[in-house]
Amino acid sequence: LQAWKKQWHSKDDVKADVPKMDMTKLESSQGSEFDKTFLEMMSQHHQDGIQMAKGAQANLQHKEGKDFAEKTIKKQ
């Protein structure tokens, strides 16, 4: 993805605000609470990825990007 960004856009052309996961709860948990927190966070992360890919499909200009978005939706 980074290679496509460099290839298709100048440095200052695209400024995406990528959401960051709050790792505080995960870092402070242990045992089964860690497992539960990890699974909840990863499930949400993948749902967010699906929504991002669906939203991007209509606006993507390059076939490679469109194909990647479709693949992401199917895999997630």
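Q: Why is Trp4 called partly exposed?
A: First, keep in mind that this is a predicted model. Trp4 has a relative accessible area of 26%. Buried would need under 20% and exposed over 50%, so Trp4 lands in between and counts as partly exposed.

Q: What about Trp8, and how do you know its label?
A: Trp8 comes out at 24% relative accessibility. Buried means under 20%, so Trp8 is partly exposed as well.

Q: What makes Trp4 and Trp8 a stacked pair?
A: Two checks. Their ring centres are 5.3 Å apart, and a pair needs centres within 6.5 Å.

Q: Why is the pair of Trp4 and Phe68 called edge-to-face?
A: The centre-to-centre distance is 6.0 Å, which passes the 6.5 Å limit for a pair. The angle between the planes is 85°, and anything over 60 counts as edge-to-face.

Q: Which parts does that pair tie together?
A: Trp4 belongs to helix α1 and Phe68 to helix α4 (residues 63-75), so the pair links parts that are 64 residues apart in sequence. Ring pairs join Trp4, Trp8 and Phe68 into a cluster.

Q: Is Phe68 buried, exposed or partly exposed, and how do you know?
A: Phe68 has a relative accessible area of 37%. The middle class runs between 20% and 50%, so Phe68 is partly exposed.

Q: How do you know which side of α4 is the buried one?
A: The buried residues of α4 are Gly65, Ala69, Thr72 and Ile73. They cover an arc of only 100° around the axis, which puts them on the same side of α4. The face turned away from that side carries the exposed residues Lys63, Lys74 and Lys75.

Q: What covers the buried residues of α4?
A: The cover includes α1 and α3 (31-57).

Q: What makes the pattern of the chain α-α-α-α?
A: The protein chain has 4 helices and 0 strands, and reading along the sequence gives α-α-α-α.

How values were computed. Residues are numbered from 1 along each chain as its sequence is written. This is a predicted model: local features need pLDDT of at least 70, side-chain atom pairs count only at pLDDT 80 or more; totals for chains, interfaces and linings use all residues. Side-chain values use heavy atoms; hydrogens and water are left out. Rings of Phe, Tyr and Trp (its six-membered ring) pair if their centres lie within 6.5 Å; planes under 30 degrees apart count as stacked, over 60 as edge-to-face and the rest as tilted. Buried means under 20% relative accessible area, exposed over 50%, partly exposed in between (1.4 Å probe, protein chains only). Helices (H or I, at least four residues) and strands (E, at least two) are DSSP runs, numbered from the N terminus. The arc is that of the directions from the helix axis to the C-beta atoms. Contact means heavy atoms within 4.5 Å.
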